[in-house]
Amino acid sequence: MEPTQSSQTHESSVEPSDESAPSPLSRRGFLRTAGVVGLTGVAAGLAACQNATNPQWSFGPAASMGAPAAAASAAPSIAPSVAPSAAASPAASAAASASLPPNLPAGWTAHDVAARAVVRRYVGNLAPALKTVYGDTVFNQMVKILGAADNYPELTKKPAFAQVPNLFVTDLTTPLKPTTDPDGSVHFEMTVDDFDWQIDEMKAPVKATGYNRQWPGPTLRVKEGDKVRAVFTNNRQETTGVHFHGVDFDNFFMDGVPFVTQVPIAPGEKFSYEFTASRPGSLMYHSHHNATDQVGRGQLGAFIVEPKNPTADEKAVNGVDYTWISNDSLGGFTINGHGFPATVPVLAALGQTVRIRFMNEGTMPHPWHSHGYGMKVIARDGFNLPQPYLCDTLTVNPGERYDVTIKAERLGIWAFHCHILPHVEGTDGMFGMVNTMIVVPKPEHITAILKLLTA
Ligand SMILES: [Cu+2]
């Protein structure tokens, strides 16, 4: 491909073409990062929202997401105005802050209280908003499950996954935008840094190392055939090398393995990795030097090469495109650098097909189990499968990537977790490699939730 064509193709791939609609960064970012095929579908969904009366989209002003002013003005903000009926009271607050509340149901122990507290943190102030998403009957059941009558403090706090930087959200709000070099190469400017990273906002930060001060590093997206130039500046006091995992390199000196293909990048130095992204799919980039420590502490990220000719399964994706990178060493058991309840749910609207790109940057296999839904496995290690297959538990080994799609056909909040039990649950409830897929009635519910999270 000619360089200029390459860059044009790239630009068109990352910029929505719908310039007529209001396009604040967050919406554009969502459409771009989420890889939403159905730009028009989302726009139509927002338009439909003008006339939607049931369920009411009644949380989160819609103005900056391009929704009509009428809907925005009719929308009360989320909690506490739509909080469950229990009024705030000093007594309730005191009870919620005690380690073991009074009047526990028969048979409950500290484990039950701790396990519930974790989920309360996960749901946060989305709980009251769920009334407008799911309706009274479902909501009332959820109120019972969470014990919302206790008026616990998290009802008015953002979910735990909104308290810390998260890949899905940062890719959406502040995506790393490449520039185009004179030779047509797609140029990414990267740094390697030491920084403090919170696996969970309730835990002390860990000493992380990673790209652009993120764990995982920003997702790098290019088009098949693009010439890529990724320049890494090493701001750490330790040497490193960066390997683009899954790339078919024409020049093996770009492979990023210190002492095999290059001299390591010394502190203060830069190295420019230059290659053609000839192989499409879900690839990765990570340190290939002192890697147990460097990758274990966050030197990793997704490198996504969008295909020239997507398959029918890829074309069917009209919901979020979710990158799900696991680690299991120095930061504990994590998904995208966080442990439950700080893991961002996979969001889907009824009828949408979402894509999940599992990537294992850890040291052990993790069998991902989807509750309520089968997963259609469409690619392994970036290679499209000649015969996609269905499963509900998919083991992803270190270094592997699996792409799956899920068609969201049933509403609800569905657990989605590694099935090696010590990776997900302990005496204090669920932790680590636990997530959910949240299926809501309409695309605008997702838009509103994202608005809430990114506000
Ligand atoms: Cu696991």
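1. Helices (H or I, at least four residues) and strands (E, at least two) are DSSP runs, numbered from the N terminus. By this numbering, aspartate 381 sits in the loop between strand 15 (375-380) and strand 16 (383-391). The phi of aspartate 381 is near 55°, a positive value in a residue other than glycine.

2. The structure is a predicted model, in which local features need pLDDT of at least 70 and side-chain atom pairs count only at pLDDT 80 or more, while totals for chains, interfaces and linings use all residues. Residues are numbered from 1 along each chain as its sequence is written.

3. For burial, a residue is called buried if 20 or more other C-beta atoms lie within 10 Å of its own, exposed if 12 or fewer, and partly exposed in between, with C-beta atoms placed from the backbone. Aspartate 381 is partly exposed, since 17 other C-beta atoms lie within 10 Å. Asparagine 212 also has a positive phi near 55° and is not a glycine. Its place is the loop between strand 3 and strand 4. Asparagine 212 is partly exposed, with 18 other C-beta atoms within 10 Å. As background, most residues other than glycine have a negative phi, and most peptide bonds are trans.

4. Where are the cis peptide bonds? One joins tryptophan 215 and proline 216, with omega about -5°. Proline 216 belongs to the loop between strand 3 (206-211) and strand 4. Another joins phenylalanine 340 and proline 341, with omega about 10°. Proline 341 lies in the loop between strand 11 (334-335) and strand 12.

5. Two strands pair if DSSP finds at least two bridges between them. Strand 4 runs parallel to strand 9 (residues 300-306), and four bridges join them. Leucine 220 has phenylalanine 303 in strand 9 as its bridge partner.

6. Which strands pair with strand 2? Strand 1 (residues 179-180) is joined to strand 2 (residues 186-197) by two bridges, and the two run antiparallel. Threonine 180 stands opposite valine 186 of strand 2. The hairpin of strand 1 and strand 2 has five residues between the strands, and glycine 184 in this hairpin takes a positive phi near 90°. Strand 5 (residues 227-234) pairs with strand 2 in the parallel sense over seven bridges, and asparagine 234 of strand 5 is the bridge partner of valine 192. Strand 3 pairs with strand 2 in the antiparallel sense over six bridges. There, the bridge partner of aspartate 193 is glycine 210 in strand 3.

7. In a regular strand the side chains alternate between the two faces of the sheet. Strand 12 (residues 346-349) is covered on both faces: Val346 and Ala348 are buried on one side, and Leu347 and Ala349 are buried on the other. Strand 12 pairs with strand 22 (residues 434-440) in the parallel sense over four bridges. Leucine 347 has isoleucine 438 of strand 22 as its bridge partner.
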